[in-house]
Amino acid sequence: MRLSRIIMALTVGLAVVAVPTAAGAAAPQPTPSATTDPPQPPPYTPQLTSLTVNRPTIYLGETVVLTGTGFRGNETVTISVTVTPLAAPARGQAPARRSDGSTVAMAPVAYQASAPLTFTARTNAQGSFTKSYRPSVTGLLTFTASGRDRSASAELRVLDKKQPLPVTGDSIGTPMKLGGGLVGAGAIMLLLTLAWRRRQRLGGVAH
């Protein structure tokens, strides 16, 4: 009787010890990657910011279109204009010459700008904008577009309006000299013709 009680007590003890072990073995174990390797975001690819003009060179009074890309969406971009006068001929280069051989000194001409030198443009959701601009000053214009944290620049060369060639004393003198020579040659030919006809008449009378 005492032996059976001892056997029963050992059996119950072993059952109690085995239950937590089985429960621990049945519980799912987390994978190492789920705890030590969090998901990584995709690599960031920066968008290039640019500013372009549709024509690199224009004449005074014409209009260009500025196009900006790569800015932040729906932001206000400030565009500033810097004007550099067109330079005179570099040292060592021959200046402009008249037909008589004399030279003309070339110097930059300053114009008072009435077009704004600072204006703004609004980007769309993709960070792009277009803006028309009509310069009222000649020279090399540098446009700088600045957003909240991005900027870009572009250049435009503005030349003076096309002017017809002026009529100068030199340009008139050459045609007049040429015309005078032709008139003189024509007079000599006329005199020679008259003299030849006179000889022909006198020869006919003598016969």
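**Exercise 1.** Classify the ring pairs that link F119, Y133 and F143 into a cluster.

*Solution.* The model is predicted: local features need pLDDT of at least 70, side-chain atom pairs count only at pLDDT 80 or more, and totals for chains, interfaces and linings use all residues. Residues are numbered from 1 along each chain as its sequence is written, and side-chain values use heavy atoms, with hydrogens and water left out.

Step 1. Rings of Phe, Tyr and Trp (its six-membered ring) pair if their centres lie within 6.5 Å; planes under 30 degrees apart are stacked, over 60 edge-to-face, the rest tilted. This rule gives 3 aromatic pairs.

Step 2. For F119 and Y133 the centres are 5.1 Å apart and the planes at 15 degrees, so this pair is stacked.

Step 3. For Y133 and F143 the values are 5.4 Å and 85 degrees, so this pair is edge-to-face. Y133 belongs to strand β8 and F143 to strand β9 (residues 139-146), 10 residues apart; strands are DSSP runs of E, at least two residues, numbered from the N terminus.

**Exercise 2.** Which residues do salt bridges with shared partners join into one network?

*Solution.* Step 1. A salt bridge needs a side-chain nitrogen of Lys or Arg within 4 Å of a carboxyl oxygen of Asp or Glu.

Step 1. D149 bridges to R72, with the closest N and O atoms 2.8 Å apart.

Step 2. R150 and D149 also meet in a salt bridge, at 3.9 Å from N to O. The network is therefore R72, D149 and R150.

Notes:
Helix = DSSP H or I, 4+ residues; strand = E, 2+ residues; numbered from the N terminus.
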